[in-house]
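User: I've got a model open here and would like to talk through its sheet and one of its side chains. Can you take my questions in turn?

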Amino acid sequence: MDDDRRAEIEVRTGYGVVGDRYAGRPAHRDAQLTVLAVEGLEALAAELGVPPFDPLLTRRTVVLRGAQVEALRGQQFALDSGTGAVRLRGGRPANPCAWMDVVLAPGAHRGLRGRGGVRCAALSDGVLRLGPAVLTSAVPLDPARAGDAVTLAPRPR
C-alpha cells in the first residue's frame with residue numbers, strides 16, 4: 001500500500017485538499033476533509049484484541065489525538081498546526097466501509113461505526129502540517145471522551 005502521509009496539505013475553501021482525487025467535486029462539497037480521533041482506533045484495537053492500527057490505513061485526511069471529534073458534527077471549528085487557522089464545518093459521520101475489515105482486522109467495519117470520524121467542509125484556505133495542532137471550537141470538547149463511539153439516532157421515515 002502506498003504511504004499517503006504528507007508533511008503538509010493545502011486546503012482551499014469550497015474545494016478541499018489540493019491534490020486529493022475528490023477535491024472540487026460537487027458530491028464532496030460538505031465532505032472535503034475527514035477528521036478522526038486516534039483514540040477511537042486504539043479502543044477498537046483493544047476491543048478486537050489486536051495490535052494497534054496504523055491510522056493511515058483508515059484513509060482519513062486528519063488524525064487527531066485528544067479531540068472529541070464526533071462532537072464536531074454540525075459545528076464550526078478551526079485547526080492550527082502553526083501556519084494559521086484552517087476553519088472547517090463538521091458534517092455527517094465518516095462512516096467506515098467494509099474494506100476496514102480487510103486492511104485493519106475482521107470486525108473493524110462494524111466497530112468503527114460511530115467513531116469513524118466526521119466529514120468536513122473547508123471554510124477557509126490554509127495549510128495543515130503533520131505534527132501538533134490546536135483545535136478551537138465553540139462547543140466544549142472532552143479529551144477523555146475522544147475514543148467514545150457515538151450512537152446515531154435513526155432517521156425519521
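This is a predicted model: local features need pLDDT of at least 70, side-chain atom pairs count only at pLDDT 80 or more; totals for chains, interfaces and linings use all residues.

User: Which backbone oxygen does the side chain of R60 reach at 3.0 Å?

Analyst: R60 sits in the loop between α1 and β4. One backbone oxygen, that of G116, lies 2.8 Å from a polar atom of the R60 side chain. The one at 3.0 Å belongs to T58.

User: R60 is buried, so which side chain of opposite charge is nearest, and how far away is it?

Analyst: A salt bridge needs a side-chain nitrogen of Lys or Arg within 4 Å of a carboxyl oxygen of Asp or Glu. R60 has no such bridge. Leaving aside neighbours within four places in sequence, its contacts are T34, L36, A94, N95, P96 and G116. The nearest opposite charge is on E70, at 7.8 Å.

User: Zooming out, which strands stand at the edges of the sheet?

Analyst: Six strands make an open, mixed sheet, ordered β4-β3-β7-β6-β5-β9. Two of them have a single partner strand each, so one side of each is left without a neighbour in the sheet. Those are β4 (62-64) and β9 (134-137).

User: What is the bridge partner of G90 in β7?

Analyst: Strands β6 (residues 86-93) and β7 (residues 118-122) run antiparallel, joined by four bridges. In β7, G90 is partnered by C120.

User: And what angle does helix α1 make with β3?

Analyst: Helix α1 (residues 38-48) packs on the sheet and touches both β3 (33-37) and β4. Its direction relative to that of β3 is about 55°.

Technical notes. Residues are numbered from 1 along each chain as its sequence is written. Side-chain values use heavy atoms; hydrogens and water are left out. Two strands pair if DSSP finds at least two bridges between them. Helices (H or I, at least four residues) and strands (E, at least two) are DSSP runs, numbered from the N terminus. Contact means heavy atoms within 4.5 Å. Axes are lines fitted to C-alpha atoms, for helices over the stretch in contact, and angles run from 0 to 180 degrees between N-to-C directions. Buried means under 20% relative accessible area, exposed over 50%, partly exposed in between (1.4 Å probe, protein chains only). Lys and Arg count as positive and Asp and Glu as negative; His and the chain ends are not counted. A polar contact is a pair of N or O atoms within 3.5 Å; within protein, one must be able to donate a hydrogen and the other to accept it, and residues adjacent in sequence count only if both atoms are side-chain atoms.
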